[in-house]
Amino acid sequence: MDIARHLALIDELCFRPFPAEHGPSDEGTAGPGYFTAVLESSHGLGGGSDPARRAATVEQYEKDRDALYERLARRWGETDPWNLQTVLLRTEREEIPEPWAGLSARADTACLWEAEGTGRWVAVAVADRDETDEVRLLAVLTQEAPP
């Protein structure tokens, strides 16, 4: 993991204008009011069909997420893990805005901050909920407060 590169991207996305339409971006996906950046991906690592390799990838990405948490917590304060399973359950009975609905479909927990002076929220999570999909370390930046 290149923590300096990941932090630089998060910093950039704290101030980059949001796109007018939903769609792919250089870093992942984006839409009005949010960016979802793929910081790391198991794509091409062969981890999808091998449970042991997938578990090792998830474990490594969790360590990488924790390393990012340590650096970002120095800036914006320590936070408790945010349970995205609750958000996912809420999507069944209410409209949850993006990027929160999409993040809750991909990850169980996230580290979450309100980035001081930017008007944006920052979440870092390991997307491993779908065992048929690749594992990803994600950074989500949005102006939408968490539900």
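**Ground rules.** I'm working with a predicted model, where local features need pLDDT of at least 70, side-chain atom pairs count only at pLDDT 80 or more, and totals for chains, interfaces and linings use all residues. I number residues from 1 along each chain as its sequence is written, and side-chain values use heavy atoms, with hydrogens and water left out.

**Fold.** I looked up the elements and found 4 helices and 7 strands in the protein chain. These are DSSP runs, numbered from the N terminus: H or I with at least four residues for helices, E with at least two for strands. Along the sequence I read α-β-β-β-α-β-α-α-β-β-β. The radius of gyration is 15 Å, close to the 15 Å from the globule rule for 147 residues, so the chain is as compact as a globular protein of that length. (The radius is taken over C-alpha atoms, and the rule is 2.2 Å times the number of residues to the power 0.38.)

**Inside.** I see that 44% of the 147 residues are buried, meaning under 20% relative accessible area with a 1.4 Å probe, protein chains only. Of the contacts (heavy atoms within 4.5 Å) with a separation of 6 or more, 57% link residues 24 or more positions apart.

**Charges.** I checked the 15 positive (Lys and Arg) and 28 negative (Asp and Glu) charges, with His and the chain ends not counted. Their mean positions are 2 Å apart, placing each charge at NZ of Lys, CZ of Arg, CG of Asp or CD of Glu.

**A cis bond.** Which form does the peptide bond from Glu-98 to Pro-99 take? I found it cis, with omega near 10°. Pro-99 lies in the loop between helix H3 (84-90) and helix H4 (100-106).

Terms used. Buried means under 20% relative accessible area, exposed over 50%, partly exposed in between (1.4 Å probe, protein chains only).
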